[in-house]
Amino acid sequence: MADSRGTYPSQRRYPPELRERAVWMVLETFEQTGNRAGVITRIARQLGIGTESLRSWVRQAEVDGGLRPGISSQDKERIAALEREVRELRRANEILRTASAFFAAELDGRRPR
C-alpha cells in the first residue's frame, strides 16, 4: 500500500535520525582515518543497515555538502515539484482543449445554413 506521499512503506524503512547518524559516522570515520575502504560496510553492519542504502545516503550527503558533483537534494525536490506542476498543467490544457472543441462543435451545429 502507498502512503499519502505516494511512496511505498519499504522505501521508508529507516528513520531520518538513523540515516543522519549513520552518514555522520561514515563521514567522521573518513575524516579521521583518511581511508574509505570498508568503512561503509563496517558501519552498516554495526547499525543493521543495508550497505547499499548507507552508500547512497553518504553519496547524497557528499553531493549536498559540495564534496562531490551531482544534483543536491533540494534541487531534486524542486525538479520533482516542477515536473508534477507540468503534468497537472498539461492535463488541464488537454481538458480545456477538449472542452473548447466540444463547445465549438455545438455552436457550429446551431448556425443556420
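Q: What makes a residue buried or exposed here?
A: Buried means under 20% relative accessible area, exposed means over 50%, and partly exposed lies in between, using a 1.4 Å probe and protein chains only. This is a predicted model, where local features need pLDDT of at least 70, side-chain atom pairs count only at pLDDT 80 or more, and totals for chains, interfaces and linings use all residues. Residues are numbered from 1 along each chain as its sequence is written, and side-chain values use heavy atoms, leaving out hydrogens and water.

Q: Why is glutamine 46 called exposed?
A: Its relative accessible area is 53%, and exposed means over 50%, so glutamine 46 counts as exposed.

Q: Where is glutamine 46 placed?
A: Glutamine 46 sits in helix 2. Helices here are DSSP runs of H or I with at least four residues, while strands are runs of E with at least two, numbered from the N terminus. The protein chain has four helices and zero strands.

Q: How do you know that the buried residues of helix 2 line one face?
A: Those buried residues are Val39, Ile40, Ile43, Ala44 and Leu47. Seen down the axis of helix 2, they fall within an arc of 125°, so they line one face of the helix; the arc is that of the directions from the helix axis to the C-beta atoms. On the other side of helix 2, Arg45 and Gln46 are exposed.

Q: What do the buried residues of helix 2 pack against?
A: They pack against helix 1 and helix 3. One of them, isoleucine 43, touches Ala22, Met25, Val26, Thr29 and Leu54, not counting residues up to four places away in sequence. Contact means heavy atoms within 4.5 Å.

Q: Why is helix 1 called roughly perpendicular to helix 3?
A: Helix 1 (residues 16-33) and helix 3 (residues 51-64) pack at an angle of about 75°, with their axes 10 Å apart. Axes are lines fitted to C-alpha atoms, for helices over the stretch in contact, and angles run from 0 to 180 degrees between N-to-C directions. Angles under 35 degrees count as roughly parallel, over 145 as roughly antiparallel, 65 to 115 as roughly perpendicular and the rest as oblique. That makes helix 1 roughly perpendicular to helix 3.

Q: Which residues make the contact between helix 1 and helix 3?
A: Helix 1 brings Arg19, Ala22, Val23, Val26, Leu27 and Phe30, and helix 3 brings Leu54, Trp57, Val58, Ala61 and Glu62.
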